Amino acid sequence: MAATVESDQWFKATLPRARLNELSQRSDREALRRVAAYFVLVALCAATSIVLWLQGSWWFLAAYAIYCYLWSFSNATGHEACHYTPFKRLAFNNALLYGSAWMQNWEPVTVRYVHARHHTYTSVVGADAEYLLPNPIKRRDLANLVLGSNHFWNYNKELIQLSLKRPNETIREAVPAEDIHRSTRNARIFLLSYAAILASCFVLSTPLPFVILMLPRIIGEPMHGILRALQHGALETEVADHRLTTRSMYVSRPLQWLYWNMNFHIEHHMYPMVPFHALPAMHEEIKDQLPAPTRGVRAGMAEIVHTMRAQRVDPSYRLPNRIPAPTTAPTATAAAATAVFPQVAVLDASEGADAGGGLQANTLCALDDVALGDVVAVEHQGTTYAICRTTNGEVYAVDDTCTHHSARLSEGVLIGCEIECPMHQGRFDVTSGEATRRPARKPLSTYPVEVVADQIRLRSPHN
Ligand code: FES
């Protein structure tokens, strides 16, 4: 029997392992195109707004409204970078996160950790700091979320607290003590830069620097506030099933582009390691197993308003369950061939013991069970190993349970000699077990293995 890990409790749609690997590939080209196009658009709108302001034209208001609207989507760019998923390269992902975080008044280290908790405890009241629209929904909560008044103030308050080395309880819970100094440093730099913008207004005797570089965060907020409300609003809480806690939507092409495909929000929560550019394809793969997406922002808001009204009469009211019934029960063979879960091959000493030319007791699996560049889980004598086979053909065995929280590394992806956790995209070097990317910090246990007669075997410590 495979070991139980916490992430096993969450429902996940089935799809072929090879396809999941394909969809999890990052692309610097895709990300660069999207980031460049977005920031060029923002810069063009900023330049137009400045020119119209200086000319004293009323057209400034139109250009500025578009500019603020675009600015609000730095929330989406920052979110994607939190997951390390847009670019292959860490430095690019971090640059995108820090730039977006500056635009959003976030402290980047903190927001990455807090967002990781949002994925661990999605819509668990009290544990998910990003769950902002509790049931029964109150008008005040909805207004605060949409207008972003609390949001703007809370993030700036956090920056001030961090700069004074006095993080609040949410941050203390989410950010390890050893990383707080990075948060403090970032908060101070951000606050200094905001202060410099305000000071420049006095020096230049114009509010223009503030209007262009700080005010859009406030004016643009309602756009993203609405999208944030729609992600989990009026849905279930405290259940390990993203189909019940999270909403996917079909939206217009331009909005989908600006939102980095996050309208496929169930898909994102189920497989956060899949980058933005692959989410539409992921949606096509698994849509038959998910509730039909809500059609448009207006329909989504109508669902929230309808729920809010119904909850005035019955506070326990929730939207009806829209999970589709399975069309056909898969046969055992079909399920084994296509499902990611369960993928743990059970192989214990008694089954593996050599019974006349067969398997050795220390055999984990056949070499062919693990494709090049892939990872599979194998349970052997009470331990579940993630067996990794790099594209160079080298084979390594590490513990299958991530040391950060509790997720199966064999459900993640193998990139070079690093295995990436499917839950928060922490990484480990499979050759040494060293944690190479946050939020993973503690090393993994590694086990010496060898390939003998096309079998992957645990090597005896005495060899
Ligand atoms: S469970 Fe968080 S990085 Fe693995």
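1. The model is a predicted one. The protein chain holds 20 helices and 14 strands.

2. Overall dimensions. The radius of gyration of the protein chain is 24 Å, which agrees with the value near 23 Å that a compact globule of 463 residues would have. The C-alpha trace spans about 90 × 50 × 40 Å along its principal axes.

3. Of the 463 residues in the protein chain, 40% are buried.

4. Helices α4 and α5. Helix α4 covers residues 74–82 and helix α5 residues 90–104; the two pack at an angle of about 145 degrees, and their axes are 8 Å apart. The contact is made on the α4 side by S74, N75, T77, G78, A81 and C82. On the α5 side, N93, L96, L97, S100, A101, M103 and Q104 take part. By residue class, the contact of α4 with α5 has six nonpolar and seven polar residues, and no charged ones. As for handedness, the crossing of α4 and α5 is left-handed.

5. The four-stranded sheet. Strands β8, β9, β10 and β11 form an open sheet in the order β8-β9-β10-β11, with antiparallel pairing. The edges are β8 (413–415) and β11 (435–437); each has a single partner strand, so one side of each is left without a neighbour in the sheet. From one strand to the next, the twist averages 35 degrees.

6. How many bridges join β8 to strand β9? There are three, and β9, which covers residues 418–420, runs antiparallel to β8.

7. Residue R34. Is R34 buried or exposed? R34 has 21 other C-beta atoms within 10 Å; the cut-off for a buried residue is 20 or more, so R34 counts as buried. In the chain, R34 lies in helix α2, which covers residues 28–55. R34 and H277 are 243 residues apart in sequence, while their C-alpha atoms are 9.4 Å apart in space.

Key. Residues are numbered from 1 along each chain as its sequence is written. This is a predicted model: local features need pLDDT of at least 70, side-chain atom pairs count only at pLDDT 80 or more; totals for chains, interfaces and linings use all residues. A residue is buried if 20 or more other C-beta atoms lie within 10 Å of its own, exposed if 12 or fewer, and partly exposed in between; C-beta atoms are placed from the backbone. Axes are lines fitted to C-alpha atoms, for helices over the stretch in contact, and angles run from 0 to 180 degrees between N-to-C directions. A crossing is left-handed if the near helix is turned anticlockwise from the far one by less than a right angle, and right-handed if clockwise. Two residues are in contact if their C-beta atoms, placed from the backbone, lie within 7 Å. Ala, Val, Leu, Ile, Met, Phe, Trp, Tyr, Cys and Pro count as nonpolar, Asp, Glu, Lys and Arg as charged, and the others, Gly among them, as polar. The radius of gyration is taken over C-alpha atoms; the globule rule is 2.2 Å times the number of residues to the power 0.38. Two strands pair if DSSP finds at least two bridges between them.
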